[in-house]
Amino acid sequence: MSAPETPTAPPRRLPAAVVKAWLDSSPLGVELAHRLSADVPGAVLTRAGTWMLPPRAADPAVFDRAILLAERVLARLQREVGQGRARALVLPGAVCVHRGTVEPLEDALLAELERRPPPLTADVLHLTGHAAHGLEGRWATARADNLLLGSGRQVPTVVLGPPAPGLPPWRNPELLARSLRWSPRLEPAEELADALTSPAARLTGPLGVGKTRLAWEVLKAAQLATLWRRTTGVASDAPAAPLAAALAAERRRPLWLVYDSLEAADEAAWAEVSEVAERPDLGKGLHLLLLARSGTSWPARLAALPEVRLGALTGEAWDRFCFQVFHGLALPMGVAERLAERAAGSPFALEEALLFLVRDRQLRQVFGSFFFSGTEAKAEFQPSARFRLHAEAEAARLDDPTPVRLLALAGVPVPAEELRAATFAAGAPAPAGDWESRWLEAGLLARREGPWGEGLVHLWPAVEQSLGAALPETEAGAARRTLGELLAARSVRAEELWGAWPLVAGDDEGTRVLLAAAEAPPSPKLPREALFGALRAEIAAVSERGGDPQLELDLLWTLLPIARSVGRLHELEAAVGRGVTLARGRPERLLAIAQVAAELEQKGGRYREAEATLRKALAAAREADDRSKESLLIELGRVLVRQGRQAEARDLFAKTLQVAERAGRREIVATCRFHLGNLALATHRLDEARAEQQAALELRRQAALGGESAPLSALGAIALADGNYPEALARFREAEAAQARDGGGAESSYVLLGVARTLAGLGDHAAAAPEFRRALALREGRDDVVGEAIARIAVAESHLALGRLEAAHEEARRALFSLSLVAEVDARADAERVLGQVLLLQRRPEEADARFVEAERIQRAAGDDRALLTLLALRLETAIAMGRAPAVESAMAALEAERRLRPEVPSGALFDFHLWKGAAWLRGHGRSGPDPLPFLRRAHEELLRQTGFLQPSLRQRFLFQVSEHAAILEAANRAGLPMPG
């Protein structure tokens, strides 16, 4: 069935037919088997009584040949040993064909039949159900008993009758014991009906698109008398009746003579067609319809006949066909969609894919009906042995299929010349320079734009899969690599190297091709996400196969910036950890990878591990350049800050700043000033913080360093701490614009939080809410536990301000759960605080106080003075809510004492207002205590100071839409304090 064998043709694993014969249920003797082999030309005797019939060029009818040969074996045995003793069975098999030899492949059914001959009826030829389905001729069959195998498996069989030419001429007239209804194809049917009015016409199309069925249905619908003539000798050895006799027997006129499968016709069939074409009564009572596959070589006169070209079944017709084929099979939607997609409009391919599922026992017959019993994820499209035989026959008709097999392994459009060269390199004869022309004409290949310019692709997935499946795994791998090496050698651009890489993947040399693709100038045809996935998979593959460790390090080094650009750095934690070990001898790389490792550990809240990673890297990379070490020192400082070790961090940043200033490394200087400014803000030295951030911003602008959003956002935070909301909002908006210029990303969430907190501080909670949600969306799903929790707590506070207590509780609870999985951080205290505020508003002060106590414990360890004072103010409020005078007195004393210990913390209206409420409550309940009025006056003055930053249009909202501010004004008004003008 394959192309004519040559000494250098690559091995092919192909479907085959098997003839198995027994004598009195015993294997044939060796001498008898060799004598019988004279009656089975073309078959290979593999053992006594077992013959393999391999495919032969351009002939898919391997089971029809097996029938003829098995009948000869039965007849010979009957002559030699008498009646009632000979038994024969035809069944499917598989062979490997290479260099003129045919080697049978292992088959479970055949092995079982060797061990235990089946109880077949004597002198009658039996076929297994799968063998009977593969018949190309129109044979009559009758159901026989199932073969009961020792394994418990039952194999359906049939017995054979004579050829039955009256059966429908298309393949699979009954599929899975069901007759398939006609799915009308309106446009080609109308075109063919018009063509049938001509004396002679042609209907052509690729393999499996339904030419025969279309011709049958159109002729039948028009009630035209037809006579189908056989063009190949597949049904029996007897020749077809002479044309004159056939015409004399069929007296109806007008009569349409139909010649099918002319692509495989023998000389006698072509001569008869030419004879009909020359008849004087053609068009006057006699018409000619010729069916052939695309790319058939037509005699000159026939090539001029009108031609109807049939393509894939599409649109509603394909949907209707798929529906009736799948109906009642209980196929999962995913399986049905995969089968239909891969069949790609080929009815024959889809039918045979279902029959493959039957043979693979994923479709099982129960009481006459078939049901899907496979696994949805594993049920893939697979061409049946019969379809593979047709694909091989079609390929052999056109030329040596080796280059087309190689194309089936590629997965991308490949230039014809590279396929030609790869064919020769794989050991097969090099095809002609225009070898692809016949394949294009046959409708099996098409030209498409690919990585290397115009290339070739398979048009039919089923044919592509069939031809590729013929190469054994080892040979397929070698052929794929040969093609890949040729393509890689001519590749320069990223998309070219990317196209070659899958073909050469599997060893270190293949990995280097992928590296070259990643390091080439970026291409819009190579998505960064795809490159990320490939590099990550290749790192794992190199490690698993014990490849070059330095190559693994190169992959990681190339992958890290790509991972950061696509926001998937968090997926590489294990690879980065291993990279720290691999980079021991490469100081610059060690420091950079250690910095990423520490960043990922920080995102997981593992600050001690991050510190250890950084200190080990600094110790191991003493010979690295100063700038790399300074970057790592800055990261170490950030880790110290997150652990609440501000003094150590401040000292580290200051020393690094001095060294960088002397060396003129301005980016390091700007970064150090930024962090020193943040430390100053954390300890409420606002003027110092503002000066450091302003210096960092100006340096970045003067040196065009980029990264302006960080100091701008910090300046916004300073203004917010000072109560200057307009400046804060302006700075955060500037930072947002700078972040957009720099590419945005997850870091934009901190700027959005600043914007949202400023809007909330101004009383515009409705405008703040979507900004809070945007900030959270940027942090979700990135394995940054702490960053996501901070954004989620901010969303909870937004819900709280809008009175949505249940939503606030849910978000704060989720944040607290996430933070409980990592090292203790001050964000956990914020989550506890919000939960306590919800409980307080729900009038559950005892439960709220328990939350505030836990939050206070965490904040005292973290050292956030302002957050601590806020919690003490809330504890005073819970004491008032519980109505316990001693608790109120204790809470007031604690808040006042902590305020005196922290004079640098801005007094803020909030703390004084809570002290006023405590003092007023005590006076109202007959307890002695401080005068409430001074507390209220300080709160009122601070509130008025903050309104001085605001335009008149914003003051109303600030004073009356923030609940604490409105309460201060109301109390001040009752106390006779001056109101804002």
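Student: Is the crossing of helix 28 and helix 29 left-handed or right-handed?
Tutor: The crossing of helix 28 and helix 29 is left-handed, meaning the near helix is turned anticlockwise from the far one by less than a right angle (clockwise would be right-handed). Helices (H or I, at least four residues) and strands (E, at least two) are DSSP runs, numbered from the N terminus. This is a predicted model, where local features need pLDDT of at least 70, side-chain atom pairs count only at pLDDT 80 or more, and totals for chains, interfaces and linings use all residues. Residues are numbered from 1 along each chain as its sequence is written, and side-chain values use heavy atoms, with hydrogens and water left out.

Student: At what angle do helix 28 and helix 29 pack?
Tutor: About 160°, with their axes 8 Å apart; axes are lines fitted to C-alpha atoms, for helices over the stretch in contact, and angles run from 0 to 180 degrees between N-to-C directions. Helix 28 is therefore roughly antiparallel to helix 29 (over 145 degrees).

Student: New topic. Is strand 4 covered on its faces or open?
Tutor: Both faces of strand 4 (residues 50-53) are covered. Thr50 and Met52 on one side, and Trp51 and Leu53 on the other, are all buried (under 20% relative accessible area, 1.4 Å probe, protein chains only).

Student: Which residue is the bridge partner of Ala17 in strand 4?
Tutor: Leu53. Strand 1 (residues 12-23) runs antiparallel to strand 4, joined by four bridges; two strands pair if DSSP finds at least two bridges between them.

Student: And what do strand 3 and strand 4 form?
Tutor: A hairpin with two residues between them, where Gly49 in the turn has a positive phi of about 85°. Leu45 has Trp51 as its bridge partner in strand 4.

Technical notes: Angles under 35 degrees count as roughly parallel, over 145 as roughly antiparallel, 65 to 115 as roughly perpendicular and the rest as oblique. Buried means under 20% relative accessible area, exposed over 50%, partly exposed in between (1.4 Å probe, protein chains only).
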